[in-house]
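Subject: Structure handover

Hello,

Here is the structure we discussed, with the sequence.

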Amino acid sequence: MSVVLCSRNAHKARELEGLLPGWSIATLDADDYPPEDGDTYYENALLKARFGHERAGGWTLGDDSGIEVAALGGRPGVHSARYAPEGPPAVAKLLRELEGVDDRRARYVCELVAISPDGEEIRGTGIAAGTISDAPRGEGGFGYDPVFVPDGENSTVGELGDGWKNEHSHRARAARALREALERRRLLGA
Ligand code: IMP
């Protein structure tokens with residue numbers, strides 16, 4: 001099945017292809033992407049999927065994700081991508097905000113929205129709960145992965161790496177939920 005992902009991020013398209021077997025996912029080439037100014041991940045995923053559907057027709061996919069930290073009242077949440085420059089600066093800012101804080105609970109959230117060629121909208125949500133470590137560990141993944149320790153693990157996602165993410169990440173869970181929703185509605189074509 002050919003699907004257009006409304007993102008400029010080719011890495012995300014490859015990651016989602018691994019999570020959605022049988023899907024051939026291409027990114028949408030457009031220079032006028034709508035701003036991601038929704039109040040929720042779902043709104044952002046939906047507006048991207050709808051934008052792609054208007055442009056490309058066929059099957060389209062939109063996604064949005066972020067990290068929510070309990071002691072920060074759920075921040076950075078839907079604004080995660082704008083919290084600080086991606087990578088070490090964002091990790092350092094988060095650790096600074098949590099200095100001396102005992103409650104380290106956090107969760108990653110991902111929303112995926114698929115739109116069928118007929119315009120049916122199908123949603124998949126994925127959550128991965130964990131805690132924020134005291135210092136970064138590991139080279140795998142990206143963003144906050146070096147400081148995110150999933151519940152049930154002693155290692156950070158940076159240490160656990162892509163093999164772990166492909167099975168257990170918020171995106172993997174959202175992709176599974178989306179697939180199940182498509183199967184329930186008998187929308188999965190060849
Ligand atoms: P977006 O879904 O591409 O808009 O990403 C939102 C932001 O959430 C990213 O820029 C990261 O800061 C964070 N994020 C989302 N998923 C992950 C992940 O799997 N690992 C680390 N950070 C993530």
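Two strands are counted as paired if DSSP finds at least two bridges between them. Please keep in mind that this is a predicted model.

In β3, V3 has W59 as its bridge partner. Strand β1 (residues 2-5) and strand β3 (residues 59-69) run parallel and are joined by three bridges.

Both strands belong to an open sheet of six, ordered β2-β1-β3-β4-β5-β6, with mixed pairing. The edges are β2 (24-27) and β6 (148-150); each has a single partner strand, so one side of each is left without a neighbour in the sheet. On average, neighbouring strands of the sheet are turned by 35° against each other, direction ignored.

Helix α2 (residues 41-56) packs on this sheet. The strands that α2 touches are β1, β3, β4 (105-115) and β5 (121-132). Between the direction of α2 and that of β3 the angle is about 160°.

Is K48 buried or exposed? The relative accessible area of K48 is 6%, and buried means under 20%, so K48 counts as buried.

The K48 side chain makes a polar contact with the side chain of E36, at 3.3 Å. Leaving aside residues up to four places away in sequence, K48 touches C6, E36, G62, D63 and D64. Of these, G62, D63 and D64 fall within the residue range of β3, 59-69.

Regards

Note on methods. Residues numbered from 1 in each chain as written. Predicted model: local features only at pLDDT ≥ 70, side-chain atom pairs only at ≥ 80, totals over all residues. Heavy atoms only, no water. Helix = DSSP H or I, 4+ residues; strand = E, 2+ residues; numbered from the N terminus. Axes fitted to C-alpha atoms, helices over the stretch in contact; angles between N-to-C directions. Contact = heavy atoms within 4.5 Å. Buried < 20%, exposed > 50% of the residue type's maximum accessible area, 1.4 Å probe, protein only. Polar contact = N/O pair within 3.5 Å; in protein donor to acceptor, adjacent residues only side chain to side chain.
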